[in-house]
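Hi everyone, thanks for making time.

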Amino acid sequence: MRIKSPHVPYITNKIVLDIANASFVEIKDQLEKLRDCVKEILEQDLANEKRLDERAKELLEKQEDEMELMQVDRKSMFWLVKRKLAGEYGVIFDKEDRHNHLAHQILGKLVEEDCINFIVSENRVKNLIFSSIEAYLKIYEGIEDAVYDKISNYKSKPVPGSEEYELIFEKLYQEELRKKGMF
């Protein structure tokens with residue numbers, strides 16, 4: 001599963017909690033500074049992909065007439081262009097490679113900002129961060145399903161997409177995360 005913008009605060013919290021609970025990592029600064037560092041890296045990665053998407057769309061719009069003449073599928077062409085430009089924008093498509101790269105960047109930022117010390121290899125701390133990302137994304141769908149089930153059992157069902165629905169969803173989502181020790 002891909003990391004999406006709404007996931008960033010939760011993944012950030014999961015990473016910070018896992019680092020704080022690791023016996024081999026000493027936190028040298030406030031947890032808020034760690035959160036800021038982690039969040040910045042995750043948001044930067046999403047921003048890079050957004051810029052890539054915009055550039056691919058821009059290039060396709062310029063070639064719209066030719067694509068129609070050749071009867072090329074726009075969606076397929078979008079992915080071809082996106083893959084071709086990915087390196088320029090620092091976007092990695094393979095999920096595992098991308099999460100590994102993010103873990104490496106996060107660790108680098110935490111070390112650079114002098115937020116943590118560790119008594120093990122960098123690789124072990126990077127693997128902890130990688131595992132945090134993977135663990136969150138793995139249980140995300142299950143949490144989301146549990147929240148949808150709870151909302152469907154409400155006597156007065158909120159309208160999906162309404163402000164009330166979003167507030168209820170967010171509250172129940174955070175409760176489920178707390179139950180799993182992720183918030």
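Let's start where two helices meet: on the H1 side we have Tyr10, Ile11, Lys14, Ile15, Asp18 and Ile19, and they touch Leu128, Ile129, Ser132, Ile133, Ala135, Tyr136 and Leu137 on the H6 side. Sort the residues of that contact of H1 with H6 by class and you get 10 nonpolar, one polar and two charged. Before I go further, please keep in mind that this is a predicted model.

So how do H1 and H6 sit against each other? Their axes come within 9 Å and cross at roughly 135°. That angle makes H1 oblique to H6. As for the hand of the crossing of H1 and H6, it's right-handed.

While we're on H1, which covers residues 8-21, there's a proline in it, proline 9. Buried or exposed, or something in between, for proline 9? With 41% relative accessibility, proline 9 goes down as partly exposed.

Helix H5 is residues 95-112 and helix H6 is residues 122-152, and their axes come within 8 Å, crossing at roughly 125°. That makes H5 oblique to H6. The crossing of H5 and H6 is right-handed. Who's involved? From H5 it's Lys95, Glu96, His99, Asn100, Leu102, Ala103, His104, Ile106 and Leu107, and from H6 it's Glu122, Val125, Lys126, Ile129, Phe130, Ile133, Glu134 and Leu137. By class, that contact of H5 with H6 comes to nine nonpolar, three polar and five charged residues.

One more stop on H6: glutamate 144 is in that helix. This glutamate is buried, at 16% relative accessibility. What does glutamate 144 touch, once we ignore neighbours within four places in sequence? Phe169 and Tyr173. Phenylalanine 169 is 25 residues along the chain from glutamate 144, and their C-alpha atoms are 8.8 Å apart.

Let's step off the helices for a moment. Between H5 and strand S2, which is 116-118, there's a loop, and aspartate 114 is in it. In general, most residues other than glycine have a negative phi. Aspartate 114 isn't a glycine, yet its phi is positive, about 55°. Aspartate 114 is also partly exposed, with a relative accessible area of 41%.

Last topic, the cysteines. How many disulfides does the model have? With a cut-off of 2.5 Å between cysteine sulfurs, the count is zero. Take cysteine 37: it's in no disulfide, and the nearest cysteine sulfur, on cysteine 115, is 4.1 Å away.

Methods. Residues are numbered from 1 along each chain as its sequence is written. This is a predicted model: local features need pLDDT of at least 70, side-chain atom pairs count only at pLDDT 80 or more; totals for chains, interfaces and linings use all residues. Side-chain values use heavy atoms; hydrogens and water are left out. Axes are lines fitted to C-alpha atoms, for helices over the stretch in contact, and angles run from 0 to 180 degrees between N-to-C directions. Helices (H or I, at least four residues) and strands (E, at least two) are DSSP runs, numbered from the N terminus. Angles under 35 degrees count as roughly parallel, over 145 as roughly antiparallel, 65 to 115 as roughly perpendicular and the rest as oblique. A crossing is left-handed if the near helix is turned anticlockwise from the far one by less than a right angle, and right-handed if clockwise. Contact means heavy atoms within 4.5 Å. Ala, Val, Leu, Ile, Met, Phe, Trp, Tyr, Cys and Pro count as nonpolar, Asp, Glu, Lys and Arg as charged, and the others, Gly among them, as polar. Buried means under 20% relative accessible area, exposed over 50%, partly exposed in between (1.4 Å probe, protein chains only).
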